[in-house]
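Please open the structure in a viewer and keep a selection panel at hand. The stops below follow one another as selections.

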Amino acid sequence: MAEITVRKGHPKALWVLFMTEMWERFGYYLMVGIFFLYLIDPRKHGGKGFDATVAADIVGSYIALVYLTPFIGGLIADRFLGYRKAIIIGGSLMACGYFGMAFQSDIAMYVSMGLIIIGNGFFKPNISTLLGNIYNAEDLKPKKDVAYNIFYMGINIGAFFCNFVAALLRNNYGWGYAFAAAGVGMLIGLCIFISMMKHVKDGDVVKPIQKEDMPLSRIFLLVFVPAIITGAIGWNMSSWIGHPLLHTVTNDAFFFACIPIVFFYARLYFTAHKDDKKGLGALFSFFIVSIVFWVIYNQNSTALTIWADQYTNRHMPAAGVKWTKPVGMLQTVTSDSMTVDKINDRFVAQLDSKGNTIEVKGTDPYLQNLPKSEWPQKGEKENLISPELYQSANPIYIVIFTPLVIGLFGFLKRRKMEVNTPFKISMGMIIAGLSSLTMYFAVKSTNIYVDKTSMSWLLTTYAIFTVAELLISPIGLSMVSKLAPARLTALMMGAWFLVNSMAGKISGLMGSLWDKFDDKGNYFLILFFSAIFSAVIMLLMVKWLARVVREMTGSN
């Protein structure tokens with residue numbers, strides 16, 4: 001057989017998808033970065049005035065549903081729409097949703113969330129699949145892992161800049177302007193994609209349905225109808241037994257609705273052709289183990305946002321104010337009396353008989369666990385770094401660390417010491433656990449209810465977690481592209497995002513219980529030990545998974 005010549009460089013398609021995804025992620029992470037803060041901000045200040053429990057539940061539900069819809073979006077693109085049309089439809093819906101978030105009414109918020117959730121279902125799995133299809137060409141296959149790492153770096157460039165735009169707009173003009181900026185970003189991404197679609201057409205192939213594939217009508221009958229029924233059962237469970245099983249009715253509804261979808265994927269495996277089972281089995285094993293990773297990942301939108309907002313010393317020295325204030329990085333607080341939500345000495349919001357937060361006269365909640373010697377003088381303002389900006393630490397670390405990680409594994413490969421993909425994932429799980437262990441030590445570094453912690457704890461946690469992310473997330477996308485049967489790639493991308501969906505809801509569930517943890521260290525220890533347990537399970541499967549990957553792809 002003739003030797004395949006590897007193409008020099010990367011095709012233009014990579015850069016088209018890189019730019020499109022960069023702007024889409026700009027919008028997504030802008031909203032994720034400020035959503036929790038918006039929900040807990042008092043209505044008088046333009047927010048929703050929810051307590052942390054309700055806010056975490058809404059954010060968890062949003063993230064869960066954003067990553068649940070790729071299940072159907074991938075299926076429709078796989079069999080009918082094609083990937084380019086699905087991406088355009090999805091991006092358009094998301095842009096409308098972000099612009100809708102600029103309106104203050106609760107109805108506008110929930111309708112807009114629905115548009116973003118549906119739009120992401122069409123967009124997210126299919127842009128990744130399109131990239132994988134392009135790199136399935138024989139002269140590009142050896143470059144697939146590198147391509148996904150480059151693609152992933154583009155995602156994080158958008159995720160880095162979005163928080164600065166969000167801080168600038170929401171601090172100076174209001175929440176609505178920040179959400180509208182996410183819509184502008186999505187429109188820019190769409191314009192780039194539509195104007196340069198010709199470069200990605202080779203990857204847009206609708207696969208014919210095979211005899212063993214389940215018809216779409218049957219999927220609706222066996223998956224979505226049962227999901228609606230089981231979701232309704234979960235929603236009403238609290239009225240039957242007197243309390244929710246999983247803390248809130250939305251948690252009950254979501255996890256009950258997931259049961260038929262999990263059964264669908266189980267059926268997909270057990271009825272698959274024997275040639276497909278090997279790859280599907282390896283993927284499903286990886287998916288199950290990686291749930292814990294995504295739970296830790298999604299702490300950035302709940303627990304780590306709370307930590308940045310309430311427990312981190314965000315003081316900006318005077319020398320830095322002149323550089324940071326013009327770009328909107330700063331919030332200001334005073335020690336003057338103002339209308340605030342009533343909280344106890346553990347930062348738990350106090351509710352009235354109707355479940356609404358109680359407003360009282362007092363000082364800014366930020367000052368509650370700041371020593372009085374560090375309070376601003378009466379009539380003076382204290383400049384603080386906006387809490388959402390800490391979420392930019394992760395993407396900037398991604399941009400910095402990506403070439404280093406690629407270089408390290410390239411060096412090992414040249415020295416005949418190549419590390420196989422399953423082992424990289426195992427190491428990633430351990431490192432993700434260490435990021436949570438770092439937060440445990442942050443809790444123990446002081447009495448967090450009377451003193452704030454250094455921002456270095458949060459920045460270190462994000463740095464450690466970033467290494468784990470580089471070992472798991474882009475490799476995970478690449479594994480789907482490598483091991484999934486060609487006609488099921490988008491559907492298996494949907495399964496990959498389903499894992500993220502379930503993890504997002506688990507993260508929201510944990511976040512809604514944040515106030516129940518008097519010792520916040522225990523919260524992070526749960527994450528640490530869960531990650532170590534998952535890593536051990538993955539290590540036990542390394543040899544089998546490595547053999548499957550090698551047999552199906554010819555590489556490690």
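Helices (H or I, at least four residues) and strands (E, at least two) are DSSP runs, numbered from the N terminus. The model is predicted, so local features need pLDDT of at least 70 and side-chain atom pairs count only at pLDDT 80 or more, while totals for chains, interfaces and linings use all residues. Residues are numbered from 1 along each chain as its sequence is written, and side-chain values use heavy atoms, with hydrogens and water left out.

**Two loops**

Select Lys416 in the loop between H13 and H14. Lys416 is not a glycine, yet has a positive phi of about 60°. With a relative accessible area of 76%, Lys416 is exposed; that word means over 50%, whereas buried means under 20% and partly exposed lies in between (1.4 Å probe, protein chains only).

Next, go to Phe347, in the loop between E2 and strand E3 (359-362). Phe347 also is not a glycine and has a positive phi, of about 65°. Its relative accessible area is 5%, so Phe347 is buried.

**The nonpolar cores**

A nonpolar core is a set of buried Ala, Val, Leu, Ile, Met, Phe, Trp, Tyr and Cys residues joined through side-chain atoms within 4.5 Å. Select Phe35, Tyr62, Phe71, Tyr265, Phe287 and Met492, which have the most contacts inside the largest core, a set of 166 residues. Helix H1 (residues 12-40) gives the most to this core, namely 19 residues. A second, separate core has five residues, including Val333 and Leu367.

Centre the view on Phe287: beyond its neighbours within four places in sequence, Phe287 is in contact with Val480, Met492, Ala495, Trp496 and Val499. Contact here means heavy atoms within 4.5 Å.

**Helix H14**

Ser436 is found in helix H14. Ser436 is buried, at a relative accessible area of 3%. Not counting residues up to four places away in sequence, Ser436 touches Ile296, Phe524, Leu527 and Phe528.

**Helix H6**

Select residues 144-172, helix H6, whose 29 residues reach 43 Å from first C-alpha to last. That is close to the 42 Å expected at 1.5 Å a residue, where the expected span is 1.5 Å times one less than the number of residues. Just after H6, Gly174 takes a positive phi of about 125°.

**Pocket and cavities**

On a 1 Å grid over the protein atoms alone, a cavity is a set of points where a 1.4 Å probe fits but cannot get out, and a pocket is an open set with protein on both sides within 12 Å along at least five of seven lines; lining residues have an atom within 4 Å of a point. Grid points are joined across faces, edges and corners, and a volume is the space filled by probe spheres set on the points.

Select Asp41, Pro42, His45, Gln331 and Asp364, which lie nearest the centre of the largest pocket among its 45 lining residues. About 1,100 Å³ of space lies in this pocket. Elements giving two or more residues to its lining include H1, H6 and helix H11 (303-311).

Select Tyr297, Asn300, Asn394, Tyr462 and Phe465, the closest to its centre of the 19 residues that line it.

**Cysteines**

How many disulfides does the structure hold? There are zero, a disulfide being a pair of cysteine sulfur atoms within 2.5 Å. For Cys191, the nearest cysteine sulfur is that of Cys96, 13 Å away. Cys191 counts as exposed, at 53% relative accessibility, whereas Cys258 is buried, with a relative accessible area of 3%.
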